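Student: I would like to learn how to read a structure like this one feature by feature. Could you take me through it, giving the general idea before the particular case?

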Amino acid sequence: MYTQSFTVGDGKQNKPVPLTASTEDPLKQAAFDAKIDADGRIEPQDWMPDAYRKTLVRQISQHAHSEIVGMLPEGNWISRAPSLKRKAILIAKVQDEGGHGLYLYSAAETLGVSRDKLLGDLHSGRAKYSSIFNYPTLNWADVGVIGWLVDGAAIMNQIPLCRCSYGPYARAMVRVCKEESFHQRQGYEALLVMMKGTAEQRAMVQDAVNRWWWKCLAMFGPPDADSPNSVQGTRWGIKRISNDDLRQKFIDATVPQAQVLGVSLPDPDLKWNAQRGHHDYGRIDWDEFWNTVNGNGPCNKERLATRVKAHDDGQWVREAALAYARKQQARATQEAA
Ligand SMILES: [Fe+2]
Ligand SMILES: [Fe+2]
């Protein structure tokens, strides 16, 4: 679903990653810089500066965590979907998100970090995931709005990552974006159907839009002026478009979709600015955003507890898979002898 790389939890979120480390071998550094400047791809076996590796591990793992935690708010609605068709679509979408997490953990592992370590950091609360999943899904319209707006925002964020300088991450994003496009469309279509229904159904959709709109705008991360890490990310070819530019693209794309749907967006300052050629919009509540990122949103504890329980409940599956793999290996060794 989503990616923003934050350095949080230690009060240093506004401290920039040091620019290209001076302790690195200058010849290797020059070859790396030349490859980045030529818009080439860095592959796992290539030399890379330690700060580049660390930034990618943080960003890719946060992205992976967001995918698997993102399964929870919607997974909650699988048993309550209003029809067999909606249930089948929702199951497929939630499974896709699990798959995105797996691609991304695999991409992170190519940087020399183990999946166990990454999951341990998530489960202990040390690692972060997208703050959007710390809000509750109160009714069926929330599932549609998550598809339309949350997955829609994720697509805006992730399309530029298909051209990210790190090969495994960029390639994973190509497939992820195709699936996110299905997620966005199924959500929008579900809402279109509700908007043609009863007054209560239309009110449910509007209520869900009102609750999710501002949180989706915050998904693009802090304003550019407060995102010094973005400068280094751009220099490294990891970040291609700034937070504010992505947010603006999302708003400009979403306003006409809201009109077709027949819902209003809850921002009295939202209006077309002919001079800029973009929509102007109101102030995002960043205090609420950071409060949620730092663990104090309405569902942070519940999400983490559910994730840890799912991991613990799956322990026997991992043990059985390992035992089976060992048996297969022993048999292959015996046959080869
Ligand atoms: Fe998605
Ligand atoms: Fe996803």
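Tutor: Let us begin with how elements are named: helices are DSSP runs of at least four residues, numbered from the N terminus. With that numbering, Cys 162 falls in the loop between helix 6 (140-158) and helix 7. Please keep in mind throughout that this is a predicted model.

Student: Which residues is Cys 162 in contact with, once its neighbours within four places in sequence are left aside?

Tutor: Cys 162 is then in contact with Arg 41, Ala 170, Met 173, Val 174 and Cys 177.

Student: How should I read the salt bridges, and how many does the structure hold?

Tutor: The general idea is that side chains of opposite charge can pair when their charged atoms come close. The structure holds 20 salt bridges. One of them joins Asp 39 to Arg 240, whose closest N and O atoms are 2.9 Å apart. Asp 39 sits in the loop between helix 1 (26-37) and helix 2 (50-69), while Arg 240 sits in the loop between helix 9 (229-235) and helix 10 (243-261), so this pair ties together parts that are 201 residues apart in sequence. Asp 39 is partly exposed at a relative accessible area of 45%, and Arg 240 is partly exposed at 28%.

Student: What is the N to O distance for Glu 43 and Arg 171, and is Glu 43 buried or exposed?

Tutor: The side chains of Glu 43 and Arg 171 meet in a salt bridge at 2.8 Å, N to O. This pair links distant parts of the chain, with Glu 43 in the loop between helix 1 and helix 2 and Arg 171 in helix 7 (residues 167-195), 128 residues apart. Glu 43 is buried, with a relative accessible area of 18%, whereas Arg 171 counts as partly exposed at 49%. A further salt bridge is formed by Arg 276 and Asp 280, at 2.9 Å from N to O; Arg 276 is partly exposed with a relative accessible area of 40%, and Asp 280 is partly exposed at 23%.

Student: How many aromatic pairs does a search of the whole structure find?

Tutor: Here one reads two values, the distance between ring centres and the angle between planes, with planes under 30 degrees apart counting as stacked and those over 60 as edge-to-face. The search finds 9 aromatic pairs. Trp 213 and Phe 250 form a stacked pair, 6.0 Å centre to centre with 20° between the planes. Trp 213 belongs to helix 8 (residues 199-218) and Phe 250 to helix 10, so the pair ties together parts that are 37 residues apart in sequence. Trp 213 is buried at 0% relative accessibility, and Phe 250 is buried at 3%. By contrast, Phe 289 and Trp 290 form an edge-to-face pair, at 5.1 Å between centres and 75° between the planes. Phe 289 is buried with a relative accessible area of 5%, and Trp 290 is buried with 17%. Ring pairs also link Phe 32, Trp 47, Tyr 52 and Trp 236 into a cluster.

Student: Which residues coordinate the iron ion (ligand 1), and why is the arrangement irregular?

Tutor: As a reference, ideal angles at a metal are 109.5 degrees for four tetrahedral donors. The iron ion (ligand 1) is coordinated by Glu 97 (OE), Asp 151 (OD), Glu 180 (OE) and His 183 (ND1), at 2.0 to 2.2 Å. The 4 donor atoms subtend angles of 90 to 158°, which makes the arrangement irregular. One caution is that water is not among the atoms, so sites may look incomplete. Along the chain, the donors follow the spacing E-x53-D-x28-E-x2-H.

Student: Which residue coordinates both the iron ion (ligand 1) and the iron ion (ligand 2)?

Tutor: Glu 97 coordinates both, and the two ions are 3.5 Å apart. Glu 97 lies in helix 4 (residues 84-109) and Asp 151 in helix 6, so this pair ties together parts that are 54 residues apart in sequence. Glu 97 is buried, with a relative accessible area of 2%, and Asp 151 is buried, with 1%. Glu 97 and Asp 151 also belong, with Glu 74 and Lys 93, to a network of salt bridges.

Methods:
Residues numbered from 1 in each chain as written. Chains lettered and ligands numbered in written order. Predicted model: local features only at pLDDT ≥ 70, side-chain atom pairs only at ≥ 80, totals over all residues. Heavy atoms only, no water. Salt bridge = Lys/Arg side-chain N within 4 Å of Asp/Glu carboxyl O. Helix = DSSP H or I, 4+ residues; strand = E, 2+ residues; numbered from the N terminus. Buried < 20%, exposed > 50% of the residue type's maximum accessible area, 1.4 Å probe, protein only. Contact = heavy atoms within 4.5 Å. Phe/Tyr/Trp six-rings, centres within 6.5 Å; stacked < 30°, edge-to-face > 60°. Donors = N, O, S within 2.8 Å, 3.2 Å for Na, K, Ca; no water. Tetrahedral: all angles 85-135°; square planar, octahedral: opposite > 155°, others 65-115°.
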